Amino acid sequence: MKIVKNAVAGTLESSDAYVQVEPNEAGIEIVLESVVLTQFGDDIKASVMEVLAENEVTNAKVSVNDRGAIDCTIRARVETALKRAQGDL
Amino acid sequence: MRRSMLFIPGNTPSLIVNGDILGADSIILDLEDAVSPAEKDSARILVRNTLKHLGLKGCEIVIRINPVDTDFWYKDLDEIVPHKPDAIMLPKVNGPEDVKKVSEYIAGIEEKCGMEKNTVKIITLIETTMGVENAFHIAGCDERVIAMFLGAEDLTADLRCVRTKEGAEILYCRQRLVTAARACGVDVYDTPFTDVEDIEGLYKDARFAKALGFTGKVSISPRHVEGINEVFSPTKAEIEYAHEVLDIIEEAKRMGRGVVSLRGKMIDAPIVNRAKQVIEMEKAIYGGTDHE
């Protein structure tokens, strides 16, 4: 999947995550803000990387503002933003 | 057993993650009215991930998809059906053809995914005048249909009348739906009571629905779940009577008697059937004793 435009998904409400995806020329860049960064930052980044891999995204900047979302929510928001960024939804 | 069904917006993670601890027998993750058109894609993926990863336990999971007159319904099914929700709620059903269309589409996904045929059931939401008039044909049109649900808000708009707490304007529709559903052997659920703060009104409305023959009631608020469960559960006296009925029937069989009476009333087949239903509910709710 090629990221061709900026896109967002999710909200800043509790238990949700706000995800921004932008085109990037130099591989994958993940920017993470989270209320549980110390405890779960690495796990969240790993989940984001998995979703990127599942969607065959090799170049993108993904910014995640996590408001205490569980894993399946973060994965859903990243996937939605990716699909919106390629313009197929 | 399904007494209470609780709507939860399909794009609100904070409510979804707690869906299984709110006491409802069934939760309805809503992809229709609770989700704006711009967020349909997002909600669909969130609900799909919920089914795939979250494993909500202890309650039935129903997904309300978008109606067949939109471009969303088949995209909803593509994402949801492979993850085996207990049922799909189909809104704005006008006639059997709407159900058939969706059932055939679900069958295609089930086959493609190697699922057993008819794994995913359908609950039809009747909320148009045409749907009410076609209720009998809808209830019996497809083996996936397990229940009907009356949606009075859209219905009263279609009837061009004002929706009231007393509900006189929907009495005919309630009775028609109950009769159609019972004739076809499917469950039937009453419309939500929409005043979230009026708990007394909720009890009154639920008791009336039970008296008409509804199986249970749908809710838009977790605050109403407890009341609905209470109203649609058998009372202690009903449970005791049901046990007495089955006990006396057993005794009559042993004694070779054909006709029996209890508390001065003849016990016939409908009373025995009703007693069995009560004891089934007792077992489902309290883990009661088995008479077989």
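**A guided tour of a predicted two-chain model**

Begin by selecting residues 37-54 of chain A, which form helix 1: at 1.5 Å a residue, these 18 residues should span 26 Å, and the end C-alpha atoms are 24 Å apart, which agrees. The expected span is 1.5 Å times one less than the number of residues in the helix. Helices (H or I, at least four residues) and strands (E, at least two) are DSSP runs, numbered from the N terminus.

This is a predicted model, in which local features need pLDDT of at least 70, side-chain atom pairs count only at pLDDT 80 or more, and totals for chains, interfaces and linings use all residues. Residues are numbered from 1 along each chain as its sequence is written, and chains are lettered from A and ligands numbered from 1 in the order in which they are written.

**Chain A: around helix 1**

Within helix 1 of chain A, highlight A:Ile44, A:Val48 and A:Leu52, the buried residues of this helix. A residue is buried if 20 or more other C-beta atoms lie within 10 Å of its own, exposed if 12 or fewer, and partly exposed in between, with C-beta atoms placed from the backbone. Next, display strand 3 (28-34), strand 4 (60-66) and helix 2 (71-86) of chain A, against which the buried residues of helix 1 pack. Just after helix 1, select A:Glu56, which takes a positive phi of about 55°.

The phi of A:Ser15 is near 70°, a positive value in a residue other than glycine. Most residues other than glycine have a negative phi. A:Ser15 counts as partly exposed because it has 18 C-beta neighbours inside 10 Å.

**Where the chains meet**

Select the contact between the chains: 16 residues come from chain A and eleven from chain B. Two residues are in contact if their C-beta atoms, placed from the backbone, lie within 7 Å. On the side of chain B that touches chain A, helix 1 (13-16) and helix 2 (40-54) of chain B each supply at least two residues. Helix 2 of chain B gives the largest share, eight residues. By class, this side of chain B has five nonpolar, five polar and one charged residues. Here Ala, Val, Leu, Ile, Met, Phe, Trp, Tyr, Cys and Pro count as nonpolar, Asp, Glu, Lys and Arg as charged, and the others, Gly among them, as polar.

**Chain B and the cores**

Of its 292 residues, 42% count as buried.

Select B:Met148 and B:Leu177, the residues with the most contacts inside the largest nonpolar core, which has 71 residues. Such a core is a set of buried Ala, Val, Leu, Ile, Met, Phe, Trp, Tyr and Cys residues joined through C-beta atoms within 7 Å. Leaving aside neighbours within four places in sequence, B:Leu177 is in contact with B:Ile126, B:Val132, B:Ala135, B:Met148, B:Leu150 and B:Val188. Apart from this core lies another, of 18 residues, among them A:Ile3, A:Val19, A:Leu52 and A:Leu82.

Finally, select B:Lys84, in the loop between helix 3 (73-80) and strand 4 (87-90) of chain B. Its phi is near 55°, a positive value in a residue other than glycine.
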